[in-house]
Amino acid sequence: MERRYLKESNGHYEVDIDISVDEWKSMLQNHEIFYENALDMVLKWYNEVGHQATANTVKEKYSPELKRPPYNGIVKELTRRILKHLNRFEVIGTTGKKSVFIVPFEGWYVDYKRPNKGFVWKLRDELVQALEEVGMVDRQIFLSKEYLDKKEQENINKAFQLSIYELEKKIDAKTKKQTLKTTSAASVRYDRDPDVSALALKKANGYCQLCGNLAPFLKKDGTPFLEVHHIRWLSEGGVDDKTNTVALCPNCHRKMHILDLQDDRDFLINSIK
Ligand SMILES: [Zn+2]
Ligand SMILES: [Zn+2]
């Protein structure tokens, strides 16, 4: 068995991994090598810009509930199966022990003088090409609901900095778009325009548009907590625009989703006008 030695320079790790696209293709389709969790892992990296990310970034997107990224263990087992199958070489790391992540990935420190800043893994080009050629890249992988909620909130907070006038102008300038669906682990979600949400919140000015009470609490940034609701639900074809969105307190929001009384709908529609 040939021994190849991992070299490190300026925090960048390198070793000759001469696995061909065809070899990757055949291994990708071999369930004894690419277990479901390994395939899932490489697809997550595939979906990142440049097919590169730190393990922590990927974990936050897909499984924020975990304390630590699970990918070290997954890549270690995957590489063990790959090297056994190829039976050609093994990689010795800089500490003299076998190195494992380096086979499907290249890797470097984000800022090698501060290793705690994170270590970037990048899918090898040949593996990327193989994934595309075997048509595996269209497989759905699921973003976590927490991640989507967080992103949505960040986008709304950003849009909230604009004035009502600016938001209305911005929204009007957009071409009518179809509401997109995003699939999360929990359910189908609909992508909402953060500008539309921010506008509904601004216009409500801290008061629930159904019961008229003040928002139950202020968020950390000092703005009132209300939830944006679509009077005609997106799931029933309602549009994501200012004629269909209101800001509600959490109780009234639940009420609209559980009872959805026609009187309440009419009241909300009138309150927008
Ligand atoms: Zn209310
Ligand atoms: Zn709602």
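Me: Over how many bridges do strand β6 and β7 pair, and in which sense?

Reply: General idea first: two strands pair if DSSP finds at least two bridges between them. A strand here is a DSSP run of E with at least two residues, a helix is a run of H or I with at least four, and both are numbered from the N terminus. In this case, β6 (residues 105-109) and β7 pair in the antiparallel sense over five bridges. W108 stands opposite V120 in β7.

Me: Before I go on, what kind of model is this?

Reply: This is a predicted model, where local features need pLDDT of at least 70 and side-chain atom pairs count only at pLDDT 80 or more, while totals for chains, interfaces and linings use all residues. Residues are numbered from 1 along each chain as its sequence is written, and chains are lettered from A and ligands numbered from 1 in the order in which they are written.

Me: Back to β7. Which residue stands opposite Q52 in β7?

Reply: That's K122. The strands involved are β4 (residues 52-54) and β7 (residues 119-123), which pair in the antiparallel sense over three bridges.

Me: Which residues have the most contacts inside the largest nonpolar core?

Reply: In soluble globular proteins, nonpolar side chains tend to be buried together. Buried means that 20 or more other C-beta atoms lie within 10 Å of the residue's own, exposed means 12 or fewer, and partly exposed is in between, with C-beta atoms placed from the backbone. A nonpolar core is a set of buried Ala, Val, Leu, Ile, Met, Phe, Trp, Tyr and Cys residues joined through C-beta atoms within 7 Å. In this model the largest one has 26 residues, and V42, I102 and W121 have the most contacts inside it. At least two residues of this core come from each of α1 (21-28), α2 (36-46), α4, β7 and α5 (125-133). Apart from it lies another core, of 21 residues, including V196, A198, A200 and L248.

Me: Which residues is V42 in contact with, leaving aside its neighbours within four places in sequence?

Reply: Contact means C-beta atoms, placed from the backbone, within 7 Å of each other. By that rule V42 touches P104, L123, L127 and L131.

Me: What follows α8, and what is its phi?

Reply: N205 follows, with a positive phi near 55°, in a residue other than glycine. N205 sits in the loop between α8 (194-204) and β10 (227-230). It counts as partly exposed because it has 13 C-beta neighbours inside 10 Å. N87 also has a positive phi, about 50°, although it is not a glycine. N87 lies in the loop between α4 (71-86) and β5 (89-92) and is exposed, with 8 other C-beta atoms within 10 Å.

Me: How far apart are the C-alpha centres of domain 1 and domain 2?

Reply: They lie 41 Å apart. The bounds, which come from an automatic or database domain assignment, are 2-133 for domain 1 and 145-272 for domain 2.

Me: Where does UniProt place the feature "domain: HNH nuclease"?

Reply: At residues 195-254, in an unreviewed entry. UniProt positions use the numbering used here, feature names are shortened, and annotations may be inferred rather than shown by experiment. The end C-alpha atoms of that span lie 23 Å apart, and the span is 25% helix and 13% strand.

Methods: Two residues are in contact if their C-beta atoms, placed from the backbone, lie within 7 Å.
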